[in-house]
Amino acid sequence: MSDSHVHIRSEGLSAEIDPFGAQLFALRDADGKDLLWDGDPTFWTGRAPVLFPIVGALNGDRYRLGEREFSLPKHGFARHRLFEIVEASVDRAVFRLRWDEETLAVYPFQFELDLAFALTGASLTITATVRNLDPDASMPASFGFHPALRRPLPYGQPRADHALVFEHDELAPIRRVDTDGLVLPDAVPTPVEGATLALRDDLFTNDAVVFDRFTSRQLTYGADAGPHLDVAFPDTELLGVWTKPGADYVCIEPWHGWADPAGYSGDFWDKPGVFTVEPGGERAMVMSITLRRP
């Protein structure tokens, strides 16, 4: 915990946000029980990183814009930058990252990225707004949420009983990534049975389970008995689910964009999942987490 963190609360939840990376640092219920992973370095120091302006890995850590080539680390640079606090009240906080000379060297666009966190009752809503401040040129981008939720949740149910239950049956094949984090060309049969994804550790031996043909825009996480978390993501078309075998978290990751396909050498503008923000325009994406008690 740091004195620089911003704290917000409602009658049902409290949250702590680190301005470095605009990362959700803690999410607790009204009794102070932790719902978010604690960043134990034994497994993973992250908690809920912000993925921008790319999601996942680039082929060779590089991408091309026309005749120019640039380098970016996995998931981009936003998670490694200090955001400005532009609003902080009892139940809401807004953080902002804006282009500068350092970002122009690796991502040559005049962007502004806002992360707004708002608590209402037992719900946390996170709104990411990507703006293109250039009045003349369009801007390509990707964005992703990456919160790590406790597994098990702190309500006495066994870790092995926790699962994801989608809004709809999800029978379409899924995608996996290779050892470099690049999307493999062939889809594989889904591990979802009906609407339920059992969170077996062996599912994640080879990194994330990636849904690119799913229809649900919300799901429920938890065990059959006890409180659940309802997770909604109405504006994103891809979903990653990830953990490390044996770790006490699961990441539920709504994405607009994903890693390069294996062997990809095309232009960033043509990469699957990249969206375009028109000159002077913006694009907003929302994720919400709601604690639902029996």
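Predicted model: local features only at pLDDT ≥ 70, side-chain atom pairs only at ≥ 80, totals over all residues.
Residues are numbered from 1 along each chain as its sequence is written, and side-chain values use heavy atoms, with hydrogens and water left out.

**Stop 1**

D207 sits in the loop between β14 and β15 (209-211). Strands are DSSP runs of E with at least two residues, helices are runs of H or I with at least four, and both are numbered from the N terminus.

Now select H75, in the loop between β5 (68-71) and β6. H75 also has a positive phi, of about 70°, and is not a glycine either. Its relative accessible area is 9%, so H75 counts as buried. Most residues other than glycine have a negative phi, and most peptide bonds are trans.

Next, bring up the largest pocket, which holds about 350 Å³ of space. Its lining has 24 residues, and K74, H75, H146, D207 and A208 are the closest to its centre. By type, the lining has 13 nonpolar, six polar and five charged residues. On a 1 Å grid over the protein atoms alone, a pocket is an open set of points with protein on both sides within 12 Å along at least five of seven lines, a cavity is a set of points where a 1.4 Å probe fits but cannot get out, and lining residues have an atom within 4 Å of a point. Points are joined across faces, edges and corners, and a volume is the space filled by probe spheres set on them. Ala, Val, Leu, Ile, Met, Phe, Trp, Tyr, Cys and Pro count as nonpolar, Asp, Glu, Lys and Arg as charged, and the others, Gly among them, as polar.

**Stop 2: the cavities**

How many cavities of 30 Å³ or more does a search of the whole structure find? There are three. The largest cavity has a volume of about 90 Å³. To find it, select A48, P49, V50, I126 and F145, which lie nearest its centre among the 14 lining residues. The elements giving two or more residues to this lining are β3 (23-29), β8 and β11 (143-144). The lining comprises 11 nonpolar and three polar residues, with no charged ones.

**Stop 3: the cores**

Select F52, L113, L115, F143, F211 and Y221: these have the most contacts inside the largest nonpolar core, which has 71 residues. Strand β8 (residues 111-120) gives this core its largest share, five residues. A nonpolar core is a set of buried Ala, Val, Leu, Ile, Met, Phe, Trp, Tyr and Cys residues joined through side-chain atoms within 4.5 Å. In soluble globular proteins, nonpolar side chains tend to be buried together.

Centre on F143: beyond four places in sequence, its partners include V50, F52, L113, L115, W255 and M285. Contact means heavy atoms within 4.5 Å.

From F52, follow the backbone to P53: a cis peptide bond joins them, with omega about 5°. P152 is in the loop between β12 (148-150) and β13 (163-166).

**Stop 4**

Move to V86 in strand β6 (residues 84-88), which is partly exposed at 33%. Beyond four places in sequence, V86 touches V94, F95 and R96.

Finish at R131, in strand β9 (residues 123-132). Its side chain makes a polar contact of 3.1 Å with the side chain of E282. A polar contact is a pair of N or O atoms within 3.5 Å; within protein, one must be able to donate a hydrogen and the other to accept it, and residues adjacent in sequence count only if both atoms are side-chain atoms. R131 is also in contact with residues including R96, D114 and V277.

Notes
Buried < 20%, exposed > 50% of the residue type's maximum accessible area, 1.4 Å probe, protein only.
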